[in-house]
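Have the structure open while you read.

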Amino acid sequence: MFAPVYFDYNATTPVLDEVREAMLPYFSQRFGNASSRHEYGRAARLAVDTARERVAAAIGAHPTEVVFTSGGSESNNLFIKGAAGCMSPGGIAISAIEHPCVREPARALARRGWTLREIAVDAAGTVVADDFAAAIAAKPGIVSIMLANNETGVIQDLAELAQRAKPSRAWFHSDAVQAFGKIPVEFRRLNAAGVHGLTISSHKIGGPKGAAALVVDKRVELEPLIAGGGHERGLRSGTENVPAIVGFGVACELAAARVADGTSRLLELRARLESGLAAQGAAIFGFGAERLPNTVYFAMAGIDGETLVGQMDRAGYAIASGAACSSANPEASHVLLAMGVAPDLARGAVRISLGPESTVAMVDDFLAVLNEKLRHLRGLAALAA
Ligand SMILES: Cc1ncc(COP(=O)(O)O)c(C=O)c1O
């Protein structure tokens, strides 16, 4: 198969060799149901327990605080709908740049009588302090602010926000799907600051799809989305996806080690990429803010993002226009619009997200090919003018 250079690690990541090796026995000889009382079942239960310990250690939580789910989307839904299910309708505050799997459950609550407030971000993509304070003053029951944005990579000061939310006594959740595995994330420290729930996902960190966790303070009462046999402390019934959970556990351990090794290699690659893009006229979104070390989000004035992504795909580079999850939707990114970017420029948005396999040579070759494609597209635009 033709293998383009992969620059889309925020969309998903390849399963790491160690992860695949660890999973394989659970598809064959260790196929048991973790609820069964016999040897097959006990082996599966042990594997799930070990994975839970690995996930907990990697995120600085206690194993009993880890609830396995099928994905980041489910974890976010579980916190928001689950907490709301145990309260009478009140207020919910989210940032204006949340992933759809936070926005949509929040909007679903608004349709059922909750008051939804979307907190503004500034031009760099950082939550506006005054608007946050106003949202908290309204005493919401639930707050959800993502740790790092999937499009821009912009990181919020979560501990500070959670501290400031304390007087509201809201349950405070954060979608850490993009942050975990790229920067240090420590549940215990965040929990002390006032964060009650964190979402993390396996396929963003070198693990398989179909496994994720909601790491949650046990004081938070949650109504399960899926009721049944009482798996996961009654919070998520259904026979455990043992191979995926095993892979997720190993991926967490490897991700924690990668983060502990430091991010300087990725930061250097990102700086090289950004200076090459700026030289070709790119506007880089969130440039002044603290961002994930692997993410570059940019637009070239007058160049459509989808078109550029298509051209680069044919030239052998897998990059994204806006968020991958919404690429079927031609609308300008809600994240960029919330940052005050003009819709025309926002429609040009292209995201490059680097990973452990990315190299200097890949970045330099990409910049050279991009230069060629831009010359061609700008030539066509000049002819049409
Ligand atoms: C910030 C963020 N949250 C949640 C998700 C959804 O996670 P999953 O694909 O595991 O459902 C994504 C996926 O792109 C994401 O980027």
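Start with Phe7, Tyr317 and Phe366, which together form one aromatic cluster. Rings of Phe, Tyr and Trp (its six-membered ring) count as a pair if their centres lie within 6.5 Å; planes under 30 degrees apart are stacked, over 60 edge-to-face, and the rest tilted.

A quick word on the ground rules. This is a predicted model, where local features need pLDDT of at least 70 and side-chain atom pairs count only at pLDDT 80 or more, while totals for chains, interfaces and linings use all residues. Residues are numbered from 1 along each chain as its sequence is written, and side-chain values use heavy atoms, with hydrogens and water left out.

How many aromatic pairs does the structure hold? There are seven, and here are two of them:

| Pair | Centre to centre | Angle between planes | Type |
|---|---|---|---|
| Phenylalanine 285 and tyrosine 297 | 5.5 Å | 65° | edge-to-face |
| Tyrosine 317 and phenylalanine 366 | 5.3 Å | 75° | edge-to-face |

Phenylalanine 285 sits in the loop between β9 (282-284) and β10 (295-300), and tyrosine 297 is in strand β10, so their pair ties together parts that are 12 residues apart in sequence. Helices (H or I, at least four residues) and strands (E, at least two) are DSSP runs, numbered from the N terminus. Tyrosine 317 belongs to strand β11 (residues 317-318) and phenylalanine 366 to helix α13 (residues 360-384), so this pair links parts 49 residues apart in sequence.

Buried means under 20% relative accessible area, exposed over 50%, and partly exposed in between (1.4 Å probe, protein chains only).

Now for a strand. In a regular strand, side chains alternate between the two faces of the sheet. On β2 (residues 66-69), Val66 and Phe68 point one way and Val67 and Thr69 the other, and all are buried. Four bridges join β2 to strand β8 (residues 212-216), and the two run antiparallel; strands pair if DSSP finds at least two bridges between them. Opposite valine 67 you'll find leucine 214 in β8.
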